Amino acid sequence: MRMNHKQERKRLRAKARQKRDNIPPAVRSDWSQQIIKQVIDWIETNGANAILLYLSMRSEVETNHLFDYLLNSGKVVLAPVMDLKQYTLTPHRITDAERDLVVHPYGMHEPNTEACLPFPLDKID
């Protein structure tokens with residue numbers, strides 16, 4: 001029986017997550033640091049000011065150091081808010097990690113829409 005698009009996407013996501021989960025934590029951390037260093041170099045080289053990033057969870061590339069670096073560097077830090085009914089993502093500005101982040105029903109952190117303003121897509125570097 002042939003899978004539909006939704007089933008195939010779910011299967012591929014599970015397969016990728018399993019591969020990521022099997023990477024030893026020390027290796028994943030080292031790779032994350034290397035990736036984040038390259039991202040920071042790119043941001044600085046290209047003069048980017050308004051940066052949209054995901055807030056990592058589980059075995060994803062760790063973005064917490066990038067997040068802190070951007071906030072401490074005076075950059076405009078944005079993260080997506082997921083609307084489960086509309087199935088959309090909207091960038092919101094974060095200025096204070098303690099105040100501005102809440103836990104989404106899926107378990108990841110996201111901007112608190114009561115504290116963080118939406119940010120125009122055309123202003124993101």
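**Figure 1. The second largest pocket of the predicted model.** The second largest pocket has a volume of about 170 Å³, and the coordinates shown here and in the other views come from a predicted model. Its lining is made up of L55, S56, T63, N64, F67, D68, A97, E98, L101 and H109. Which elements each supply at least two residues of this lining? They are α3 and α4, the latter spanning residues 97–100. Helix α3 gives the most, with three residues. Sorted by class, the lining of this pocket holds four nonpolar, four polar and two charged residues.

**Figure 2. L55 and its contacts.** L55, one of the residues lining the second largest pocket, is shown here with its partners from elsewhere in the chain. Once neighbours within four places in sequence are set aside, L55 is in contact with E60, T63, F67, A79, I94, L101, M108, H109 and E110. Among the residues of the pocket lining in Figure 1 are T63, F67, L101 and H109, and each of these four is also a contact of L55.

**Figure 3. The largest nonpolar core.** This view moves to the largest nonpolar core, a set of 14 residues. Which of its residues touch the most other members? They are I43, L53, L55, L66, F67, L70 and I94. Two or more residues of this core come from each of α2 (25–46), α3 (64–72) and β2 (76–83).

**Figure 4. The largest pocket.** Here the space comes to about 940 Å³. The lining counts 23 residues, and those closest to the centre of the pocket are R13, R17, M82, Y106 and M108. Elements giving two or more residues to this lining are α1, β2, β3 (88–94) and β5 (109–111). Which element provides the largest share? Helix α1 does, with seven residues. By class, the lining has twelve nonpolar, two polar and nine charged residues.

**Figure 5. A salt bridge in helix α1.** By the rule applied to this model, there are three salt bridges, and this view shows one of them, between the side chains of R11 and E8, at 2.9 Å from N to O. How far apart along helix α1 are R11 and E8? The helix covers residues 5–21, and the two partners are three residues apart, so about one helical turn separates them. R11 is partly exposed, with a relative accessible area of 35%. E8 is also partly exposed, at 27% relative accessibility.

Figure 6. D41 pairs with K37 in a salt bridge whose closest N and O atoms lie 3.0 Å apart. The two residues are four apart in helix α2, so the separation is about one helical turn.

**Figure 7. A salt bridge between D100 and R99.** The side chains of D100 and R99 meet at 2.8 Å, N to O. Is D100 buried or exposed? D100 is buried, at 1% relative accessibility. R99 counts as partly exposed, at 48% relative accessibility. The cut-off for exposed is over 50%, which means that 48% still falls in the partly exposed class.

Figure 8. A26 sits in helix α2 and is exposed, at 62% relative accessibility. How far from D122 does A26 lie in space? The C-alpha atoms of A26 and D122 are 38 Å apart, and the two are separated by 96 residues in sequence. For scale, the C-alpha atoms of the protein fill a box of roughly 50 × 35 × 25 Å along the principal axes. The secondary structure comes to four helices and five strands, and along the sequence they follow the pattern α-α-β-α-β-β-α-β-β. Of the 125 residues, 28% count as buried. Among contacts with a separation of 6 or more, 55% link residues 24 or more positions apart.

Conventions: Residues numbered from 1 in each chain as written. Predicted model: local features only at pLDDT ≥ 70, side-chain atom pairs only at ≥ 80, totals over all residues. Heavy atoms only, no water. Core = buried A, V, L, I, M, F, W, Y, C linked by side-chain atoms within 4.5 Å. Buried < 20%, exposed > 50% of the residue type's maximum accessible area, 1.4 Å probe, protein only. Contact = heavy atoms within 4.5 Å. Salt bridge = Lys/Arg side-chain N within 4 Å of Asp/Glu carboxyl O. 1 Å grid on protein atoms, 1.4 Å probe; cavity = no way out; pocket = protein on both sides within 12 Å on 5 of 7 lines; lining within 4 Å. Points joined across faces, edges and corners; volume = space filled by probe spheres on them. Nonpolar A, V, L, I, M, F, W, Y, C, P; charged D, E, K, R; others polar.
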